[in-house]
Amino acid sequence: MQNGQYPGKYMSEARRFMNEAYKEAIKAYKKGEVPIGAVIVKEGKILARAHNERETKKDATLHAEISAIRKACKKLGSWRLKDCDMYVTLEPCAMCAGALIQARIKTLYIATADPKAGAVGSVTDILSIKNFNHKIDVIYGIMEEECSTILKDFFRELRCKPRP
């Protein structure tokens, strides 16, 4: 199942969790951060939620995916996020794609592609490298329009702001 072709019940659950990631993206937007949100789900329950905080906390690693992984690992008491899924509003970068492999995420749901830095099919595809010992299923397209629009709005507003 890829690119938005989902059976009824599955689609409503996937949309519900992507909507929670989208709410995280809105939090980032309100803070002046690139509006990306992520949630990690296990057995139908959200374990962790996060949004970008690079600018706020002055830390290049504080992408939504990394923060969500850290929170989920802490909650489970393990670095292995076995049988966990991640929902993220924008295609992960190389750093985050590597972290997803290391954390053993089962399925990655991506709302929209990142043609400039995406590492799950757009610029490169780290998750398809056969030599890695863990494989992640990837599904694109849930809430693609909403998640793409908030990013476009953010960058349009950023370009309009006077530079210091």
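Phe154 is buried, with a relative accessible area of 8% (buried means under 20% relative accessible area, exposed over 50% and partly exposed in between, using a 1.4 Å probe and protein chains only). Phe154 sits in helix H5; helices (H or I, at least four residues) and strands (E, at least two) are DSSP runs numbered from the N terminus. Leaving out neighbours within four places in sequence, Phe154 is in contact with Tyr29, Gly32, Glu33, Val34 and Pro35, where contact means heavy atoms within 4.5 Å. Take Glu33 from that list: Phe154 and Glu33 are 121 residues apart along the chain, yet their C-alpha atoms are separated by 8.8 Å.

A quick word on what you're looking at: this is a predicted model, in which local features need pLDDT of at least 70, side-chain atom pairs count only at pLDDT 80 or more, and totals for chains, interfaces and linings use all residues. Residues are numbered from 1 along each chain as its sequence is written, and side-chain values use heavy atoms, with hydrogens and water left out.

## The overall build

The protein has five helices and five strands, and from the N terminus on they run α-β-β-α-α-β-α-β-β-α. The radius of gyration is 15 Å, close to the 15 Å that the globule rule gives for 164 residues, so the protein is as compact as a globular protein of that length (the radius is taken over C-alpha atoms, and the rule is 2.2 Å times the number of residues to the power 0.38). The C-alpha trace spans about 45 × 35 × 30 Å along its principal axes.

Of the 164 residues, 47% count as buried. Among contacts with a separation of 6 or more, 59% come from residues 24 or more positions apart.

Not counting residues up to four places away in sequence, Glu24 touches Ile36, Gly37, Ala38, Arg49, Ala50 and His51.

Over in helix H4 (residues 94-103), the buried residues are Cys96, Ala97, Ala99, Leu100, Ile101 and Ala103. Their cover includes helix H3 (64-76), S3 and S4.

The largest pocket has a volume of about 590 Å³. On a 1 Å grid over the protein atoms alone, a pocket is an open set of points where a 1.4 Å probe fits, with protein on both sides within 12 Å along at least five of seven lines, and lining residues have an atom within 4 Å of a point. Points are joined across faces, edges and corners, and a volume is the space filled by probe spheres set on them. This pocket is lined by 21 residues, with Val34, Leu90, Asp114, Leu151 and Phe155 nearest its centre. Helix H5 (residues 144-160) gives the most to that lining, with five residues.

The second largest pocket holds about 170 Å³ of space and is lined by 13 residues, with Glu13, Glu43, Asp83, Asp85 and Lys106 nearest its centre. H1 gives the most to this lining, with three residues.
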